[in-house]
Amino acid sequence: MTVRTLVVWCPDWPVTAALSTAGLDQQVPAAVFAANRVVACSAAARAEGVRRGDRRRTAQGRCPELVVFEEDLERDARVFEPVAAAVERLATGIEVVRPGLVALPVRGPVGYFGSEQAVAERLIDQVAGEQGVECQVGIADGLYAATLAARTGLVVPAGGSAEFLAPLGIAELDQPAERRGPERAALVDLLRRLGLRTLGAFAALTERDVASRFGADGVCAHRLARGAEERPPSRRRPPDDLGVTQTPDPPLDRVDAAAFAARALAESLHDKLAAVGLACTRLGVHARTEHGEELGRVWRCAEPLTPTGIADRVRWQLDGWLRAEDRPTAGLVRLWLVPEEVVDATALQLGLWHGGAEDPGTGAERAGRALVRVQGLLGPEGVFTGVLGGGRGPSDRVRAVPWGEQRLPSADPDAPWPGRLPAPSPATVPAEPVAVEVLDDSAAPVGVTGRHVLTGAPAQVVLGGGPPRAVLAWAGPWSAEERWWERERRRSRLQVVLDDAEQTALLLVREDKRWTVEGIYD
Amino acid sequence: MPRSATASLAALNGVSRLSELTRTPADQTVGRVLPVLDGLADLLPWGGLRRGSTVVVRGSTTLLLALLAAATVNGSWAAVVGVPDLGLLAAAELGVVVHRLALVPQPGEQLLAVTGALLDGFDLVAVRQAGELREADARRLSARARNRGAVLVPFGQWPGADLELDCTGRWSGLGEGHGYLRQREVVVRSRGRGAAARGNQVRLVLPGQDGIALPVPTQAELRRVLP
């Protein structure tokens, strides 16, 4: 049983979206290009002879004043969202098939507005009135027939989809905007060469014959041609507005008042989330001051936030803003919390008993609380844990991950890393590189040749402009040419032991014809 | 019948015979002393890191990491404050469980508050102060560690420490253009208060060959913590 479907179609949507983003008039001849080919053009451009699939040069030759845009799917979707919302205000359960195309089951709105014709008129008026966008409406049994009906603004009578589709050309099976890929184009071409020029002719074949000759995609196309449903529209639920807002009066400018506000705000956010069975793992804290300054920061959390957790973070954040050197010039008049990322509330299942000392979770829990407290003092980027990954140098193999974020290594640790230094590794790895000069017996600088050979035996090392220090022992170089596919990085490493009281052992690395200290074995 | 009943009771988790509980005084302090690698145990008067104590380390980052290693293997959490250039790879090679090692590289002016907060939640907190910590504040942190049962491991100078460890050593394995740094023989001197007042000195290979401190943590210990 096919669902009677209504489709709202905005013609040439990529061009409409591009023009409205650029702030240009819709009557301007314009075209959107992908890979130097026209994907969509405006009616004015079409009148000048620009066609889909033209090269840029051809199109501009036909229409010199053509405004050219690059294809941007995100822009299309972003600009389309208000249009979808405008449709949604009249009819619920819509599905945005793609930017420019909205489908909805027609039964509900018909029951409310009286007739299908009335629904179509109301929708066209609504979209044009609210968004100033032209659209066409088609109604038929099934999404595919309705989409084609929308081209001509037709209402196909119930049960008449197959009849409506029959005289249409076989090329309609391959809608470029649906991006079906080359298989569908090949299928259409094959059918045309077999003499099946209309959808009706293709639909007249039995499904079994189609399945045995044209495969799964052929069966799918055959279902479309017969007017059968590919799939019913998947209705979308309007996203719940989960944020909470507070407008403190008088404006907040003291830390204790902020703490009080944080508590109330946290409680209401948690209640709101709990009512829809969610818990928050990333929390956006935002504020606006009397002078219109906007402040905002997102807090990431390793585990779903409890009401106390939310209150703490809001308090720390407000504390931070109000105590900072460059504190806002006026009090906060508006506070709002946005759950940026939510998880199922079952993830926030507090234990019935907080286990005893044997519970392996307790140590981690206590440590986690302390780290979150430190993040409150220093900001979320103040606390790290390390993840060991693959690489050659001691600093390449470690990635510092802020507490609460996912611990992923930077490179595969199990891959072979030729040129990697053997253990033990230096216990001190300077965060800032320290420049160093390596000299041989005759006080000439030591370099590394293109064949990874030292130009002399290291005899002296000059650390950061200090006095030269004699080298007691040395080994190397360990060379590696890394990342030649983006920016070649030639590195050679050298271990030296200096002839002083402590016998300092250093790991030196040469890159871009300069030696630096990469590690100190202390 | 009573025999088998005792045996099945004693087999339960957390149940032990009275004789086992009262066997040696050392056993009674289990839980109050955090384990250290075997070679280092001789150095510490309590056979490990006593909870609530302040143990100063000087002269070797490797020694600092080695002190943390066995405790993190045993499930304790450790934090290192104010050491932006800590070599985590070396830590891992010494047997430190890096996912239980938190780093606060730049505490800045909040050093006192950060260290205080960490002492509440961590078993081991290592601190390198940039020099601006007042003596009274340092003593307050030691008192907080004592109160919370954590071990404070300052790196450098610290007033009123329970134990101070000084490390000097020399590397072997490197020649004139051949070999690589293999191991380092160190002499660690300890000096402190109370039981440690007499002072002590041990020779260690730290880090030993393949980066692991000698003596090595047993395979069973490693297997227990590695996922």
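Reader: Which residues of the largest nonpolar core touch the most other members?

Author: This is a predicted model. Its largest nonpolar core has 55 residues. The members that touch the most others come from chain A and chain B: Leu283(A), Leu337(A), Leu118(B) and Phe122(B).

Reader: Which residues of chain A does Phe122(B) touch?

Author: Leave out residues up to four places away in sequence. Phe122(B) then touches Trp77(B), Ala78(B), Ala79(B), Ala102(B) and Ala150(B) in chain B. In chain A, Phe122(B) touches Arg366(A), Ala367(A), Ala370(A) and Leu371(A).

Reader: How much area do chain A and chain B bury between them?

Author: The contact involves 44 residues of chain A and 48 residues of chain B. Carbon and sulfur atoms carry 65% of the buried area. The total is about 3,700 Å².

Reader: Which residues form the salt bridge between chain A and chain B, and how far apart are the closest N and O atoms?

Author: The count between the two chains is one salt bridge. Asp123(B) pairs with Arg366(A). The cut-off is 4 Å, so the pair qualifies. The closest N and O atoms are 3.8 Å apart.

Reader: Which element gives the most to the side of chain A that touches chain B?

Author: Elements that each supply at least two residues are α14 (360-378), β12 (384-388), β16 (468-482) and β17 (489-498) of chain A. By class, that side has 30 nonpolar, eight polar and six charged residues. With ten residues, the element that gives the most is α14(A).

Definitions and conventions:
Residues numbered from 1 in each chain as written. Chains lettered and ligands numbered in written order. Predicted model: local features only at pLDDT ≥ 70, side-chain atom pairs only at ≥ 80, totals over all residues. Heavy atoms only, no water. Core = buried A, V, L, I, M, F, W, Y, C linked by side-chain atoms within 4.5 Å. Buried < 20%, exposed > 50% of the residue type's maximum accessible area, 1.4 Å probe, protein only. Contact = heavy atoms within 4.5 Å. Buried area = accessible area lost by both parts, 1.4 Å probe. Salt bridge = Lys/Arg side-chain N within 4 Å of Asp/Glu carboxyl O. Helix = DSSP H or I, 4+ residues; strand = E, 2+ residues; numbered from the N terminus. Nonpolar A, V, L, I, M, F, W, Y, C, P; charged D, E, K, R; others polar.
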